[in-house]
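Me: Please take me through one part of this model in close detail. I'd like to see what surrounds it and what sits beside it.

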Amino acid sequence: MQLDQAQQIIDAAVSPMGDGPLNEQALSKHLHPLFSRVLARNESTNEIYLANHSLGRPLDMVSEVVQTALDGWYTQLDGVWNEWIDARNRYRSQISSLLRWDDDRAIAPKTSAAQGLRAVLNALPTTRPNVVSTRCEFDSIDFVLKAYDYKQRASLRWVEPDAQDLMQPDTIIDAIDDSTDLVVVSMVCFVTGQVVEGLDRIIAKAHACEAMVLVDAYHAFGVLPMDFRALDADFIIAGNYKYTRGGAGACFLAINPRHLSQTGGVPEHGTLFPLDTGWFAKHNPFAYSRDDDPAYASGGDAWLEATPPVLTYYQALPGLMLSNAIGIDRLRAYSLDQQQTLVEALTTHGVHPRVLQHRGAYLLIETEDGRAATQQLKAAGVNCDARPLSRSDRWAIRLCPDLLNTNDELETAAQRIAPVLRGI
Ligand SMILES: Cc1ncc(COP(=O)(O)O)c(C=O)c1O
């Protein structure tokens with residue numbers, strides 16, 4: 001299936017739903033047929049999938065789109081490159097739309113969020129930057145920062161959450177001072193799903209101290225309406241395997257245009273420029289010139305690297321197109337409705353989830369033993385996961401409904417969850 005055809009099919013499914021709020025009847029009629037493969041799995045396994053925050057469910061067309069990308073290789077050999085690069089450009093464009101960003105080239109595709117973080121750390125003007133980050137960052141980010149700290153390629157200052165495992169913006173703000181070079185902070189914390197309020201104040205403080213801010217938006221991308229220009233972060237990292245249903249390996253680094261050169265060329269010493277690079281980031285890659293100094297491409301292309309992993313773009317595009325076609329505002333409103341339905345069903349069955357006022361796409365249930373709980377829940381027919389909380393010995397079970405979960409399913413999930421958690 002060609003990408004244009006994929007877009008047409010998605011548009012034809014979304015437009016009959018109108019512009020109003022999403023509702024289950026319209027979703028079942030118009031959108032669920034695009035997911036027949038994963039929905040068929042529901043029937044055969046009797047499992048209720050509430051791990052949508054972990055690995056999003058793919059549209060049927062993903063495998064057909066990827067197949068077409070591969071077919072082009074067989075039939076056109078090196079003539080396929082134009083199509084592959086076109087897919088990369090569409091990928092950048094779909095992501096920039098979700099960030100309400102008008103410069104597609106400010107999006108540098110990456111294969112992981114960690115790769116985006118490393119690209120920024122290595123690009124900073126100082127060789128041992130002072131970094132402020134929090135104990136609530138995802139393991140990949142946490143590990144990269146610790147490795148840099150250990151190798152004395154960064155000096156870390158860690159900010160702790162409060163006794164309720166919540167990040168308080170003022171503790172981050174207080175940790176930033178004139179010695180800070182970079183702040184690394186999540187928009188939505190991965191364990192609790194807390195939306196970190198006051199990011200604007202954190203960013204303003206960092207900028208007042210001439211520090212840059214990298215926002216990890218993995219649990220916000222495709223969930224919360226975002227506006228990169230208004231946010232004014234220097235960098236955003238995120239990826240597609242969760243809410244935008246794009247599978248593994250399809251991530252990105254977004255670079256604020258104030259860090260991009262209009263003309264490209266050889267950067268000044270002591271400025272921000274990427275070392276995680278390759279010939280796709282060269283000023284004129286197909287000139288094959290070998291100047292002594294590195295002349296970078298203009299704009300965000302300077303942050304491209306070497307020959308790109310083209311199939312990841314095909315794999316991620318259908319989900320991105322769907323998210324853009326529906327619109328994040330409507331997806332968010334529907335997600336909050338579904339969460340409310342699940343909260344009420346759980347409460348009726350005697351289970352009291354922890355409902356944060358400012359939260360992303362999932363609910364929490366605290367438990368002593370997250371591993372045992374999720375194993376038993378899976379055996380009872382509810383697929384979810386759990387992560388350890390950082391301030392206590394307890395775990396947070398994470399439950400995330402999505403467009404494919406019906407209200408009946410949420411009620412059944414609550415019925416299945418209650419006896420399991422009462423027994424733990
Ligand atoms: C907040 C957050 N950041 C990043 C990632 C993924 O990081 P990486 O792409 O480096 O594996 C996740 C995955 O769950 C996450 O929750």
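Reply: Strand β6 (residues 212-216) runs parallel to β7, and 3 bridges join the two. Here strands are DSSP runs of E with at least two residues, numbered from the N terminus, and two of them pair if DSSP finds at least two bridges between them. The model is predicted, so local features need pLDDT of at least 70 and side-chain atom pairs 80 or more, while totals for chains, interfaces and linings use all residues. Numbering starts from 1 along each chain as its sequence is written, and side-chain values use heavy atoms, without hydrogens or water.

How enclosed is β7 (residues 235-239)? Because 5 of its 5 residues are buried, it is largely enclosed by the rest of the structure; buried means under 20% relative accessible area, with a 1.4 Å probe and protein chains only. In a regular strand, side chains alternate between the two faces of the sheet. Both faces of β7 are covered: Phe235, Ile237 and Gly239 are buried on one side, Ile236 and Ala238 on the other.

Back in β6, which spans residues 212-216, Asp216 leads us to the ligand: an N or O atom of its side chain is 2.6 Å from a ligand nitrogen. Ligand oxygen atoms also lie 3.0 Å from an N or O atom in the His219 side chain and 2.8 Å from a polar side-chain atom of Lys242.

Notes. Polar contact = N/O pair within 3.5 Å; in protein donor to acceptor, adjacent residues only side chain to side chain. Buried < 20%, exposed > 50% of the residue type's maximum accessible area, 1.4 Å probe, protein only. Helix = DSSP H or I, 4+ residues; strand = E, 2+ residues; numbered from the N terminus.
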